[in-house]
Amino acid sequence: MDHVSTEKLYFDRKEYSNDLLISLYLKMLTPRLVEEKMLILLRQGKISKWFSGIGQEAISIGVTASLNDDEYILPMHRNLGVFTTRKIPLYRLFSQWQGKANGFTKGRDRSFHFGTQQYRIVGMISHLGPQMGVACGIALGNLLDGQAKVTTVFTGEGGTSEGDFHEALNVASVWSLPVLFCVENNGYGLSTPTQEQYNCKDLADRGRGYGMESHVIEGNNVLEVYTKITAITQSIRQNPRPVLVEFKTFRIRGHEEASGVKYVPTELIEFWKKKDPIEMYRAYLISQQVISSDKDFHFHNTIKKEIDEHWENTNKEKGINVDLEQELSDVYALNTYNAVPPNNSGTEIRLIDAISNGLRAAMQKFDNLIIMGQDIAEYGGVFKITQGFLEEFGSERVRNTPICESAIVSTAYGLAIKNYKVVVEMQFADFVSSGFNPIVNLLAKSNYRWGQSADVVIRMPCGAGVGAGPFHSQTNEAWFTKTPGLKVVYPAFPFDAKGLLISSIEDSNPVLFFEHKALYRSIRQEVPEEYYNLPLGKAAVLREGTGVTIIGYGASIHWALETLDTYKYIEADLIDLRTLQPLDTRTIYESVKKTGKVIIVQEDTIFGGMSSDISALITENCFKFLDAPIKRVGSLSTPIPFNGALEDQYLGRNRFEKELLDLIAY
């Protein structure tokens, strides 16, 4: 391998005291001995999986030892030394690996997939890349708080191929965020060697493309790691900026133990075993008479005894108490709705103005609210919803972003970890596909996994009817309504839009807030000027009748109103859901039991959409009250066309009238 130079590691103790030298040794020795214990337990079937960092301890220890305890660090699979250096009690780590209650995820996630605010550690998800953006958000929070702190994030050489890596580096560079990006180049991404992963000499070279300082460090030399990273972190605190560091090292065990290392040439493993960071550093300390062989033997026995004691304590711990109510309640962070009713009738404004007013009112109320998105600052957003916000709230709180949806959502999550509220504007709801992963895997699962709320609202300008074609017209709420942990809001009127947007921002859970573009300037209503909110999960009954229940949301509500205005004899309960998750099933069931007939209308295509689930719920809970089959109306099962005539044919608006009349006549 081109980065292999010599079997010899050269240590320079500089002016370091013996105590510091020994401390670094013990910090490396602890995770090594823990790992050796875990590998035995793995073979005995007492833990389920293991990702080994043997041979790479110098990186985790050298980096973590250079940081202050109140600085966040975002590790990966092979960074056990981060957790032990931060002095997490071993019994808690053992409980985590066994899925017991004293772990950090209540048995809901495994191995190193956990975070803890107490120890300023944010755990990874298996998708690797989003971790980099989360670090950007935490670092941005530090800057906004006026704190001279470094945020450190790890990835492997394989992770540098992911788009999230490049997006995060670009964001960090453009915003001068104090992030230390650590790349552990350990030779293989699972079984794929580095020459099949990238075509540059050093991964550190990638930093240059983003205008970023970068370094290459010998990853098996703990003194070199500690010395150079200490200097870098001190410099970042004084001059906030991102720095990329590539650590040259090697993974001498499998990606995880079950995968083995048959794909690695034997001579390569043997070469790197000779560069074992602990063995070579031990030999150096003995040669310098910092420790003796007897002292080293004592260190080993003391640490092993501690490991065994903690393991025994973990074994005595009872298993997880399976509590169905707690499992369900922990999907969302606890949120107390404090009603703020409107005090006057207000002024007639458009839907787009109501959204802008609601966002402005929230910005005025919450000093910790940050809004981010493409072109939202000077330009005011493509729909001008944030026009004037930059002048009123300043560039720190109203932030233009590069075109990188995934990194910005991850950054928003990082800000939430720092107790900020965030509103992210997707320029068009269609573009959320580029940020899908952090929404459904970071935001949605955060509270369930480790009790960390994800206080992020994602605004979603959506919908057809404006001739915008396949990539600017989708109403893609069904992508998210099935994901536990997300809330989905979809107003049809200005009054609701303002009140529900404010409630979404107040809520500490992640919310997808859909705004139909065709309604922006076509629907007007009196809206109070002052701050008010509306409860999420509560539908509105717009009209009442005993003949049929019509259920819809967004633009489809206006299709129903037009039809009812044409056929005034139809006595209908018209339910505007307003919130799709949580869903107001009580209002739905009460209406169905009264009318006996149901038609559900949506702009989205039928299969897999909201109407399908609502129909199933009604069938399961109200079947004996039905006097006719449930009708569903939606758009054609095609992408959304650009041509006006094709778009009109696509939409379910014209089919709704016939289906409603057929149902009435059934």
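## Five-stranded sheet

An open sheet is formed by 5 strands in the order E16-E18-E17-E20-E21, with mixed pairing. Strands here are DSSP runs of E with at least two residues, helices are runs of H or I with at least four, and both are numbered from the N terminus; two strands pair if DSSP finds at least two bridges between them. Strand E16 (540-543) and strand E21 (631-635) are at the edges, each with a single partner strand, so one side of each has no neighbour in the sheet. Direction ignored, neighbouring strands of this sheet are turned by 25° against each other on average.

Strand E17 (residues 548-552) and strand E20 (residues 598-605) run parallel and are joined by 3 bridges. Ile 551 has Ile 600 in E20 as its bridge partner.

## Basis of the model

The model is predicted: local features need pLDDT of at least 70 and side-chain atom pairs count only at pLDDT 80 or more, while totals for chains, interfaces and linings use all residues. Residues are numbered from 1 along each chain as its sequence is written, and side-chain values use heavy atoms, with hydrogens and water left out.

H24 lies across E17, E20 and E21, and runs at about 175° to E21. Axes are lines fitted to C-alpha atoms, for helices over the stretch in contact, and angles run from 0 to 180 degrees between N-to-C directions.

The axes of helix H20 (residues 555-566) and helix H24 (residues 653-665) cross at roughly 50° and come within 10 Å. In H20, Trp 559, Ala 560, Glu 562, Thr 563 and Leu 564 meet Arg 653, Phe 656, Glu 657 and Leu 660 of H24, contact being heavy atoms within 4.5 Å.

## Seven-stranded sheet

A further open sheet has 7 strands in the order E10-E9-E11-E12-E14-E13-E19, again with mixed pairing. Strand E10 (398-400) and strand E19 (579-581) are the edge strands, each pairing on one side only. E19 pairs with strand E13 (residues 487-489) in the antiparallel sense over 2 bridges, and Gln 581 in E19 is the bridge partner of Val 488.
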